[in-house]
Amino acid sequence: PPRRRRRRRTRASGLGFGLRASGFSPPGRTRAMRSAVAAAAALGLLAGGAGAFSATRRAARRAPLRMVLAGDDILASTEDETGVRCSLSVPERARSVTQAAKSGTLCTISQGELEGMPFGSYVDYVLDNDGHPVLLLNEQSMHTRNMLADGRVSMLVQLKSTRREIPAAAQPRCTVAGRIAKVDDKEEILQNRVTYSLAHSYAEQVIESPSFSFYKIIPERVYYVGGFGVLSEWVDVQDYQQAQPDILADKTADLVDKVNEVNGEELPNLYTSYLAEEGDGELQSIRVTTVDRLGMDLRVKHGDYTDEYRLGFRMAATTLEDAQSEITKLFQEAWEVANGYYEGDTSPPVEVLAKDALRRS
């Protein structure tokens, strides 16, 4: 008699987005996902075909430490051994941070009694189409007087997190150094009024005041830091200006907090299913630090070490809803793998971003 196929048990992830909302019902999710992967492979979107993911996972576990520095071509997003794009390029990451932060520390060169000393102050800003930070400043402020005397400035911006277990040092940040310029073009001023008021509601109270004017930083150098001990690199200004911010840039902080809060108990499944290596030691904690259209970064503490990993989506997200769906799929599949119900032979792309400096090898 024909064999009866065992019914696969499935469980919807607790992320709160819902599998059905993204077009996947729990019983048919894996089948639909396989079809999507196969279709993408047939169209040439996934180099190496559907089986490439499995090779990616195996290669990531066999390969030595691979720091993500974007290789020789800084514009090229990071790809794994199979050619699957799983990480943003460094310019894209830098542009995404400056797009999302909306505030930072402006450093000017002091005048008067403190002449020549750096002076830091909090400022809000928006970006123009070229990625130049645009600031609305009071003519009487100390930083404004400083920069009118010496136009050399720099500004540090950083992604924020509301969760205490993610230290500020672990968050991506970017420093834009250059010269300040007052915005005099009327059309540019009108555009700045709209974008600045949308980003900072208080601006409506002062934007018409003659004491306030728009200034923008013309970048000469851009420095990106991916987090604590992960990645730091100077970014070519032209590459930064040409890069597009990630579609999730303005939603990253909220999305990261939601994943960590709602799915904290399920995060260990991602580690045991995709990231764990022999000799790592007992898992102590795991947290998502960044989410973008291509995947998410995870900070893992196991044994005496803290490492950073990249877990890519099978399909690049084009909307927030797409990203929510991809995250839900990762948790669902990880649960299936951890509990022995996953029947596929593919894994999402995995990349080692950084190994703990205390490791001997």
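Predicted model: local features only at pLDDT ≥ 70, side-chain atom pairs only at ≥ 80, totals over all residues.
## Packing of α8 and α9

Two packed helices are described by the angle between their axes and the distance between the axes. Helix α8 spans residues 267-275, and helix α9 spans residues 320-338. Their axes lie 8 Å apart, at an angle of about 60°. The crossing of α8 and α9 is left-handed.

On the α8 side, the contact is made by L267, N269, L270, T272, S273 and Y274. On the α9 side, it is made by L330, F331, E333, A334, W335, V337 and A338. By class, this contact has 9 nonpolar residues, 3 polar and 1 charged.

## The largest pocket

The largest pocket has a volume of about 350 Å³. Its lining has 15 residues. Nearest the centre of the pocket lie L127, D128, N129, Q191 and T195.

Helix α5 gives the most, with 5 residues. Sorted by class, the pocket lining has 6 charged, 5 polar and 4 nonpolar residues.

## The largest cavity

How many cavities of 30 Å³ or more does a search of the whole structure find? The search finds 6. The largest cavity holds about 140 Å³ of space. It is lined by 14 residues, and L88, R93, S96, L159 and T290 are the closest to its centre.

Helix α3 and strand β9 (283-292) each supply at least two residues of this lining. The largest share comes from α3, with 4 residues. By class, the lining of the largest cavity divides into 8 nonpolar, 3 polar and 3 charged residues.

## The second largest cavity

The second largest cavity has a volume of about 110 Å³. Its lining has 12 residues. Closest to the centre are R93, G226, V230, D297 and L353. R93 is also listed among the residues closest to the centre of the largest cavity.

The lining of the second largest cavity has 6 nonpolar, 3 polar and 3 charged residues.

How values were computed:
Residues numbered from 1 in each chain as written. Heavy atoms only, no water. Axes fitted to C-alpha atoms, helices over the stretch in contact; angles between N-to-C directions. Left-handed = near helix turned anticlockwise from the far one by under 90°. Contact = heavy atoms within 4.5 Å. Nonpolar A, V, L, I, M, F, W, Y, C, P; charged D, E, K, R; others polar. 1 Å grid on protein atoms, 1.4 Å probe; cavity = no way out; pocket = protein on both sides within 12 Å on 5 of 7 lines; lining within 4 Å. Points joined across faces, edges and corners; volume = space filled by probe spheres on them.
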